[in-house]
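Hi there,

Here is the two-chain file I promised to pass on.

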Amino acid sequence: MGRVNDHKWLDQALNKAIHSDDTQPDFEKWKASHPEAVEMLTSRTPQTQRPPVIRRMIMNATLVKLAAAAVIVVAVVLGITQLTRNSPEGTMPTTQTVAQETFTGPTTHTFADGSTVQLAQGASIRTYAQVGKRGFEHIAGQIDVTVAKGKGEFIVTTPYGEVKALGTQFKMEMVDGTDANTKEQVKLLAVEVAEGVVEVRNAKGVQTLRKMQNAVVAMDSAPYDFNQDEKLPAELRGRIAAMVKAFETGDKAAWAANFNMGYVYRLAKGEVQYDPSLFGGSAEDAERLKQTVAQVSSPEQMRQLFLGTINITGPVEVYVRSVELSPDGNHARAECITRRSENHIVVTKPQWHNFDGGWWQIDD
Amino acid sequence: MRIESLEHSDAALVEAAQQGRLDSFGALYQRYHNPIVALAYAQLGDRHSAEDAAQEVFAVACRDLRSLRDRDKFGAWLGGICRNVTKQMLRVKTRTAPLPSEPEEVATDGQPEQKEQWDAVRRAVWELPAAERELIVMRYFNGFSQARISQVLDLTPAAVNGRLTRAKRRIAELLERDGFGSESWDA
């Protein structure tokens, strides 16, 4: 037998026999099943990080002992003086901590500064341990936050990044589930601003959101708002926004209006050749379309037929995770998370193409 | 320390987590969960038990994180916890490093001969000394990088390379002994 590294067969054999790619880390699930461990990590005040051996060496020096004793005496005297002089609120140390509280929806929690957070069913938040720090940890689900104005920065931390607000109202939703079709794990945070300004920040980037703007933050990705993506033509952004709104309002006609029905009609009638960049389906789909709509005699009839096949039932949340533009700038493909209910998530990849004088959606 | 630390080094994440930042511990969990499942699988020979072991490893780590001084060694520290947890599980089950017993999870493509081949490979892997078995399982379980393996097993990349080569040579010999040499895999 020659050098092992010369034999790909062994690598392949080991891969086949041992490989596993169905192991998915799910920190939220782990957290939920180990509350006591989480509590131990998050509730205690930090210990000193100096190695004990060095601390002992330092403390053993006589001079240090004397200095330490002097500092303690001065601190005690000063402390007593301050306590006797100041009002109680003036003596509150800034690093003081309190026990964290966890709230689970449906409920509404009002903070000491007057800010409120409304938790939907299944949503969960935890207050900060640090006294005086405004905000909270968003753990799961959908929440609506109203921040009391004029009282400094208010920060909501999440595993995806942090959301900083200054006097505003905003909605946050943590999506955590699996694609109903592909079983792909889907995790993201969506932030939508109702009033004021919000800054969404993580290690990958920052996105500032104003009224009616929203951003999607996937794990290990920069916050993304297609409406502020300057690489995308304005008309395309409008089309994407129209698609999202049509889903949100459950408006089939508005959704269908994004498609170039005139082109689909001409394709069905054989007046134009099948072109995969202009028609989302395959060549076989285009053939089937011709057979299905043989009796259709106008683009309007085609539109009516199309409307009857659309499966939009009621408001659907759509989060645009990313949009990629082709190098020639005439084709775009998005990745969207469509949420029909709490447990029904589908990842879709709609496409648009710039033709016939405008941007048209060609695939859903 | 804010959320920016999510993409930072182990040491930065550990430091933030030691100060109570659960999101930083979450990032460490995401980073090390699969390698720890692989390491536990190398000890237990059963994927479901390995998943359970990993859950317990992170629970222990979360509880004891503040005691970790050498933050750069988080991976190795976690690996140590994993070995302790799996030893305890094996003690409870009064068995030692059994052969994997989950044919339904192995890609056999429906061919009995292939199933026999995969079984032979796994048998050979589980005949290796524990240290070599850990390396092989970690390398092929989920294709972890040499760097990640080095961190969890507390070895230098060169040592990982050398040991991997030796372990593979040993597996090839064991397969040859059992009649599953390189020629059996050509088809």
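In which loop of chain A does A:Asp220 lie? A:Asp220 sits in the loop between strand 10 and helix 6 (234-249) of chain A. Helices (H or I, at least four residues) and strands (E, at least two) are DSSP runs, numbered from the N terminus.

Some housekeeping before the rest. This is a predicted model, in which local features need pLDDT of at least 70 and side-chain atom pairs count only at pLDDT 80 or more, while totals for chains, interfaces and linings use all residues. Residues are numbered from 1 along each chain as its sequence is written, and chains are lettered from A and ligands numbered from 1 in the order in which they are written.

Back to the backbone of chain A. Most residues other than glycine have a negative phi, and most peptide bonds are trans. A:Asp220 has a positive phi, near 65°, and A:Asp220 is partly exposed, with 13 other C-beta atoms within 10 Å. (A residue is buried if 20 or more other C-beta atoms lie within 10 Å of its own, exposed if 12 or fewer, and partly exposed in between; C-beta atoms are placed from the backbone.) A:Met212 also has a positive phi, near 70°. A:Met212 belongs to the loop between strand 9 (205-209) and strand 10 (214-218) of chain A, and A:Met212 is exposed, with 10 other C-beta atoms within 10 Å. There is a cis peptide bond too, joining A:Gly105 and A:Pro106, with omega about 5°. A:Pro106 is in the loop between strand 1 (102-104) and strand 2 (107-110) of chain A.

Strand 9 of chain A has a partner: strand 8 (residues 185-202) pairs with strand 9 in the antiparallel sense over 5 bridges, where pairing requires that DSSP finds at least two bridges between two strands. The two strands form a hairpin with 2 residues between them, and A:Glu199 has A:Thr208 in strand 9 as its bridge partner.

Now the chains as a whole. Chain A has 10 helices and 15 strands, and 27% of its 364 residues count as buried. Chain B has 8 helices and 0 strands, and 41% of its 187 residues count as buried. Two residues are in contact if their C-beta atoms, placed from the backbone, lie within 7 Å. Among contacts in chain B between residues at least 6 apart in sequence, 61% join residues at least 24 apart; in chain A, residues 24 or more positions apart account for 46% of the contacts with a separation of 6 or more.

The buried residues of helix 3 include B:Ala50, B:Ala54, B:Val57, B:Phe58 and B:Ala61. An α-helix has 3.6 residues a turn, so residues three or four places apart point the same way.

Finally, the interface: 49 residues of chain B are in contact with 35 residues of chain A. Helix 2 of chain B gives the largest share of the chain B side, 9 residues. By class, that side has 23 nonpolar, 12 polar and 14 charged residues. (Ala, Val, Leu, Ile, Met, Phe, Trp, Tyr, Cys and Pro count as nonpolar, Asp, Glu, Lys and Arg as charged, and the others, Gly among them, as polar.)

Best wishes
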